[in-house]
Amino acid sequence: MATESLILLVLLFPLLGGIINGIVGKNLSESLIGIIGTAMVAIPFIISFSIFLSLDKAIQIPLFTLIQMSKFSLNAGLQVDGLAIWMTMIITGIGTLIHIFSMGYMKGDSGFHKFFAYLNLFVFSMLILVLGSSFFMLFFGWEGVGICSYLLIGFHYNDKEKGMLNTLAARKAFVMNRIGDLGLLIACFLLIGKFGSLEFTEIAIKMKTIPIGMDSLAIISITLCLFLAATGKSAQIPLFTWLPDAMAGPTPVSALIHAATMVTAGIYLVVRSNFLFELAPYTQHIILYIGLATSLVAAFIAMRQNDIKKVLAYSTVSQLGLMFVALGLGSYSVAIFHVTTHAFFKALLFLGSGSIILANHHEQNITKMGGLKKYMPTTHMVFLIGTLAIAGFPFLSGFFSKDEILAAGFGHGPIIFGLLILSASLTAIYMFRMYFLVFFGEFRGDNHTRDHLHESPAVMTIPLIVLAILSIFGGALNFPSFMIESGSHWLDDFLSHSTFGLSAVHPHHLDTTIAVGIMIGTSLLTLTIIGISYIIYVTKKKTTKEESEFIGWEKLSTKKLYFDELYHSLFVKPIEWKSLNVLPFIENGILYKIISILTAFVVSSGNQIRKIQSGILSSYYFWMIIGIVGLIGYYLIYFKFWNS
Amino acid sequence: MELLIVTLALGLISFIIPRNNIKLFGLMGSLVSAGVAIFHLLNFDSTAPLTTLYENHTLPFGMTFHIGYDGLGLLMIMLTNLIIPIILLSNYNNSKTSESSLFHALVFLMQFGLLGVFSAEDGILFYIFWEFTLIPIFLILYWFGNGTNKILLKFFIYTLIGSLGMLLSFIALRTHATSFDYVDLVAAKLPAKKACWIMSGIMLAFAIKIPVFPFHTWQPDTYTSAPMSATMLLSALMLKMALFGMIKWMLPLAPEGIADLKWLVLILSVVGLLYAAVMCIRMNDIKRLFAYASISHLGLIAAGIMIFTKDALVGASVQIVNHSIIAVGLFLIAEILESRLNTRNMSEMQGTATLAPKFGFWFAVIAFASVSIPFTAGFIGEFTLLKELTDFNPWIGILSSTTLVFGAVYTLRAYQLSMFGAPKNEIFEDLRWNEIAVFFILSIAVVVFGLFPHLISDLVGPSLDRILAIFNAPTSL
């Protein structure tokens, strides 16, 4: 079959799965629902893999025109190129594994069919996002994933204790995302205004004919608006506070949406519009600094979080920050490389934490865990691999992708490079703090839980093992050139080969001595941190305090640098105050009074005029004459003054 | 002509139908009128400037009896005749109104008045039909609502005063035209100062009806005290008269005046749009919240119309249709909650989705449609309107776009407070068949117009072009 129809199938299957499970899922058995849900993501993975093998150039697939306006038209269309198909494979591949895992994790949940329907619909929206041929289609997917994310974060909405909190987190996520969406929307308006189109290829072509200056106001506003959208979806400063709250959703959701796929949409957006960003070095600088700041802030906050999922959430924010650093430095394929490896190891870590949480009777506090190594050997092994990968342990996937970001940063001065190293070190520190606290030492939870600690079933461990293998060998996608003779930088080549704009941007490769030097340096650093953490948490058996007991910098970290409180008093409070006090005063105190007076006036004058209706004929004649005189008078005045 | 006569006849016959048959008669009758409208749509020739239904130019004082429609008028006629059956269907189980012959008669008379407004081709005729619609809705509010006399009086007098402004403007315009016929009124050339006065007079009527800030205070009280069907009639159809009037009557009649009024109306609309949205954020009365949300949505349409470009008007048309659909859905939701929980206070609802999963689902669909997500008509409408506003003035565009955020805040808050959480009440009867049918039809309509908005733009396009041609024609001043 031709790629055109194949790619439609890729989209159709998850949509179909969502519809089937949503409508008839209630009457099906759990295993059947799970199999349908999984198959509808697995088949698209196989199809997209076959497309990937045969893809040699970008393919446009126009579908239909929604509306033809006078200055532009809104079209539905798809586009398959290297970047799109690569993202498709990540989404469907990781998606399949997470669907399988969910069959075990969600077992017995009353909303089992709904869960799989939402997950399928999420995959569908995400695929539209990456396969769309225009900013308009991208926006469709962009909002679609936001809605699925909303539904899935608030999935346990009727929980007795946490129901309202879950849905509050869901609403926060949706609203903060909407602020970003606003940026995307305005960027769309500006793009239409400037280029008269929203199609990626058309804009790219028109950029050659429509002169648009480097760092001109137009290009800076467009790119800044796009970046605002990216900060919303990808949880960067200033819109990052929703992501940790989004952990209220079931853990597979955190793995799929809030770690591996949806939150990378912002990175995808910037890579997709690289030809715009290349013209705006100003915006690129902003991206660089925002990414760097986010990475450090999130890593700092993750240092003293005691909720296992919160640590992973902040770690995600921090890693996304690193990807934005790569984007800010113009290394687009490096960012996608890190997106890929991050999808592997972060999905692994989240699913691993899901396995841990399930074994601990939904306890997420790491102060209540400990010594899980002997109870859950498989989970321990894969979690260790994930931790090593994210910490940048030599030759695991995260080592290579993070190293490329460091290498890119090296060319931009010692301060940026130093801060990147700091961020990477912090990652290793908080990850190993968590790892040792969870798996080593004595179990600190209650006896009941201890007696029931168990390894998760195969349906959950098998996806974990697959992800662990990917986390180990994922670096092979983009080996640096000095390590192997041929086939180095395979991902760079693949992406730039068939993605518009990327071929023009060649990743900057350092010379071998410096590259090897950085590698050895970071390896030693990571190993030292692991060693010190081992001494602190295992040899000296130090355990952490409860979150309420922290003081000093630890308190600052556990309180998330008071970002939530700041936003609350800066934005939420004033608007709510207006909504509760100021506007009702204007409404009831001023406007309403005026109208009441007006009404009273009309009614009372009605009462006055009623007296005229006296029934006396002569009085009627009198008023008639007055009326005629009045009309003649009006016309005289009228013709004299108005028409002169 | 049968378009108007059928509904008038239905209205008159309804008076004498016995009350145990009236429910079915009403529904069937409204479907017949919908069928007539569809017949007109199928035979519509969009290239003709006007499809005249009836013409009589021999009336005194330059009045004419001229009715007909262009694409825009037909869109509104279709909207009226298709929304009325849906309103009656959602009202099917409200025994107080649905088993009353009087109620049905008034609804059909209302429909008659609306069709008259949308097909009038004469200024005075337009005014008469415009005022006529006020009578049935007032009587419905009076007999079937629970509003105090004060609220009713406010509504009646307020809208009446506004209409007077329009009447005076038409009379003043007549002094420059040979008759009250639309064509003649449009052809009239006015001095700019006078045009401004005339336009203000017409705008006063429309601003109160839409309602534009600060003329909106009649609306929330009226909405909350009105029975559901009247609220739907008001928000889905009656307010649209004013938006339709802005496009078809106000701007072409006195285009010379727009320069003075454009910014005023635009700013008031945008202020109202934000004002109402912020008002909603902490509101706990669900019906009142939807009333303010309606003000906010209509403010955007009014602002878009004032830009008066083709794209903005197309966007406004799409959004007019979308808002009618959404308004029916939202007020049905408010009614379901209010009638089954005996409260409109959202803080006393909580957890309804667990008790009534079907309701939870359909509420979610309507709620998302009302925050205009992609694939719904609202998205296309808001996208075009905001785009045009941004083109006109970036700051106005950005300010108006913030409603996307506010809209999400208050709509999802309403959904969360009423639906989510552990159930507070013991029982909640899930949706009845007619309610499911209504939600189903509305959702399908929203999605169809979201995917194929050109259904609307193709219909109204040529007539908008003609209106714009009048507007852009060089004046002889």
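Visitor: Leaving aside its neighbours within four places in sequence, which residues is Val328(B) in contact with?

Guide: Two residues are in contact if their C-beta atoms, placed from the backbone, lie within 7 Å. For Val328(B), the partners beyond four places in sequence are Ile83(B), Ile86(B), Ile87(B), Ser90(B), Met232(B), Ala236(B) and Leu442(B). A word on the source: this is a predicted model, so local features need pLDDT of at least 70 and side-chain atom pairs count only at pLDDT 80 or more, while totals for chains, interfaces and linings use all residues. Residues are numbered from 1 along each chain as its sequence is written, and chains are lettered from A and ligands numbered from 1 in the order in which they are written.

Visitor: How many residues does the largest nonpolar core have?

Guide: In soluble globular proteins, nonpolar side chains tend to be buried together. A nonpolar core here is a set of buried Ala, Val, Leu, Ile, Met, Phe, Trp, Tyr and Cys residues joined through C-beta atoms within 7 Å. Buried means 20 or more other C-beta atoms within 10 Å of the residue's own, exposed means 12 or fewer, and partly exposed is in between, with C-beta atoms placed from the backbone. The largest core has 389 residues, and Val328(B) is among those with the most contacts inside it, along with Cys188(A), Ala347(A), Leu243(B) and Ile305(B).

Visitor: How many residues does each chain bring to the contact?

Guide: Chain B brings 47 residues and chain A brings 44 residues. On the side of chain B that touches chain A, α19(B) gives the most, with eleven residues. That side of chain B divides into 27 nonpolar, twelve polar and eight charged residues. In this count Ala, Val, Leu, Ile, Met, Phe, Trp, Tyr, Cys and Pro are nonpolar, Asp, Glu, Lys and Arg are charged, and the others, Gly among them, are polar.

Visitor: How many helices and strands does chain A have?

Guide: Helices (H or I, at least four residues) and strands (E, at least two) are DSSP runs, numbered from the N terminus. Chain A has 25 helices and two strands. Its C-alpha atoms fill a box of roughly 115 × 65 × 55 Å along the principal axes, and buried residues make up 53% of its 644 residues.

Visitor: How many bridges join β1(A) to β2(A)?

Guide: Two strands pair if DSSP finds at least two bridges between them. In chain A, eight bridges join β1 (residues 59-68) to β2 (residues 73-80), and the strands run antiparallel. They form a hairpin with four residues between them. Ile61(A) has Leu78(A) as its bridge partner, and Pro62(A) stands opposite Gly77(A).

Visitor: Where is a peptide bond cis, and where is phi positive?

Guide: Most residues other than glycine have a negative phi, and most peptide bonds are trans. After α8(A), Ala235(A) takes a positive phi of about 50°. The bond from Ile237(A) to Pro238(A) is cis, with omega near 10°, and Pro238(A) lies in the loop between α8 and α9 (242-245) of chain A. In chain B, a cis bond joins Ile210(B) and Pro211(B), with omega about -15°. His362(A) has a positive phi of about 60° although it is not a glycine.

Visitor: Is His362(A) buried or exposed, and is Lys560(A) buried or exposed?

Guide: His362(A) is exposed because 9 other C-beta atoms lie within 10 Å. Its place is the loop between α15 (332-359) and α16 (377-391) of chain A. Lys560(A) also has a positive phi of about 60°, but Lys560(A) counts as buried because it has 22 C-beta neighbours inside 10 Å. Lys560(A) lies in the loop between α23 (553-558) and α24 (563-610) of chain A.
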